[in-house]
Amino acid sequence: MPPLSVMNPSSPDPGKPPRVNLRTPEVMAVVQAQVESHYRSEIVEKLRAGGGTLTCAGVTVRLAKQFGFCYGVERAIDLAYAAAKVSQNRRLFILGEIIHNPEVNEQIAALGIKNLLGKDKEAEIRDLRAEDVVIVPAFGTDVGTLGRIKELGCQIVDTTCGDVMSVWKRVRQNASDDVTSIIHGKASHEETKATASRAVVGGKGHYLVVLTLADTDYVCDYVRRGGDKAEFLTKFRGAYSEGFDPDLHLRRVGVANQTTMMRGETEEVQRRVEAAIRERDGAERARESFRFFDTICGATQERQDALKEMLASPMDLLLVIGGYNSSNTSHLAEMGEAQLPTYFIRNAHRLESRQRIVHFDQHAKEEIATENWLPERPLTVGLTAGASCPNNLIEETILRLFALHGVTPEQLLGSGVARS
């Protein structure tokens, strides 16, 4: 991990603003108090301490063993709050959403931090001044955008997750070795864009982004037998590097990934690409023309493993809480949907009544309403949340679920609650 305490972490330069320590005890005491006041949950803490199961009035909530904020998200939020505290007399900006959770991003905006990118941007990069502070979000940012910020002389607070930077190291090495990076991820995702920009270094290297196994099979068929180049480039438009030629740039490849993808799916992408390379080149030559590194985020995998374990026990339905554009959260919802009724919700307000719930349909890419979603008691509800979801949103969902059954917060925290 890079230092957590440094603004403008580039090498010292007389023309650059001085390095500023964000991690002084005084600053962090204030930051921790702010963060806890916004995101802490007494009920979630009690539920976790009690083994993850809470029962009252014939309703049982079962919480996955791993859920919610990961270390990288906590670090990013701490740094943003610290930057706001230290830089009270300066303009603060951020390169898009700090994480994929709308409530958290609203809190960041409430600190006076203005967005420079995306549909909700409030300012333009070209209008920045050297004395401004710019926060790089947890996903990182692309090389071109970061270069523009540095050229303007702004102070940079880099909250990029260490797992993301591990991927960057691999694709930069691929570029240096004239190896094309096949990136398993979403071409439009901020992290994948940032990674792709590092797969092209000094005029060397190329990248191709594949999202599905069907995409992967198409690429593998081309590796084995060649095909219609124009059709290939049309199919993957917007998902490959400038000048990419499948006839040339699939000769030597390395598989990388967006860190929040499903491990099993990324491993299957790797297996299929490797098999195609071996079939084309033979086992010996394939050692030189194929490479793969495991760069799935540990926290993402922990949350997937915890949900898999929970799904092995009988439940009536599953609630998945998080931002609808959160990749790791969407994969949790996919896992649930494969086994039982699953509702992907942004927050507790989506539990409108015992008869109606509003939730995100990943196939239609929109919120929909489902009627008669809640079975009669006795009822067991599984609950998990993505790595960008704070505990207070989990608590509000638990409270709302019980409130629909006439249970008050005081009852939940009282001696009448059975925990196991």
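This is a predicted model: local features need pLDDT of at least 70, side-chain atom pairs count only at pLDDT 80 or more; totals for chains, interfaces and linings use all residues.
Visitor: Why is Cys389 called buried?

Guide: Its relative accessibility is 0%, and buried means under 20%, so Cys389 counts as buried.

Visitor: How do you know that Cys389 is in no disulfide?

Guide: A disulfide needs two cysteine sulfur atoms within 2.5 Å. The nearest cysteine sulfur to Cys389, that of Cys70, is 12 Å away. The search of the whole structure finds zero disulfides.

Visitor: And what makes Cys220 buried?

Guide: Cys220 has 3% relative accessibility, against a limit of 20%, and therefore counts as buried. Cys220 is one of the buried residues of helix H8.

Visitor: How do you know that the buried residues of H8 are on the same side?

Guide: The residues concerned are Asp215, Thr216, Val219, Cys220, Tyr222 and Val223. They cover an arc of only 160 degrees around the axis, which means they are on the same side of H8. In general, an α-helix has 3.6 residues a turn, so residues three or four places apart point the same way. The face of H8 turned away from the buried side carries Ala214 and Arg225, which are exposed.

Visitor: What do the buried residues of H8 pack against?

Guide: Their partners are strands E9 (180-184) and E10 (207-210), together with helices H9 (229-235), H10 (246-249) and H11 (263-281).

Visitor: What makes Thr212 a cap for H8?

Guide: A side-chain oxygen of Thr212 lies 3.3 Å from the backbone nitrogen of Ala214, and a polar contact requires such atoms within 3.5 Å. Thr212 caps the N-terminal end of H8. Just after the helix, Gly226 takes a positive phi of about 75 degrees.

Visitor: Why is H3 called mostly covered?

Guide: Twelve of its 16 residues are buried, each being under 20% relative accessible area. Among them are Gly72, Arg75, Asp78 and Tyr81. The elements they pack against include helix H1 (25-39), helix H4 (102-110) and strand E7 (133-136).

Visitor: Why is His405 called buried?

Guide: Its relative accessible area is 7%, and the limit is 20%, so His405 is buried. His405 is in the loop between H15 and helix H16 (409-413). Leaving out residues up to four places away in sequence, His405 touches Val59, Arg354, Leu374, Arg377 and Leu379.

Visitor: Which residues have the most contacts inside the largest nonpolar core?

Guide: They are Trp373, Ile394, Ile398, Phe402 and Leu412, in a core of 32 residues. Elements that each supply at least two residues include helix H2 (42-49), strand E17 (379-385) and helix H15 (391-403). H15 gives the largest share, six residues.

Visitor: What is Ile394 in contact with?

Guide: Setting aside neighbours within four places in sequence, Ile394 is in contact with Val44, Leu63, Phe67, Ile321, Leu383, Ala385 and Cys389. A second, separate core has 31 residues, including Ala82, Leu92, Ile99 and Val157.

Notes:
Residues are numbered from 1 along each chain as its sequence is written. Side-chain values use heavy atoms; hydrogens and water are left out. A nonpolar core is a set of buried Ala, Val, Leu, Ile, Met, Phe, Trp, Tyr and Cys residues joined through side-chain atoms within 4.5 Å. Buried means under 20% relative accessible area, exposed over 50%, partly exposed in between (1.4 Å probe, protein chains only). Helices (H or I, at least four residues) and strands (E, at least two) are DSSP runs, numbered from the N terminus. Contact means heavy atoms within 4.5 Å. The arc is that of the directions from the helix axis to the C-beta atoms. A polar contact is a pair of N or O atoms within 3.5 Å; within protein, one must be able to donate a hydrogen and the other to accept it, and residues adjacent in sequence count only if both atoms are side-chain atoms.
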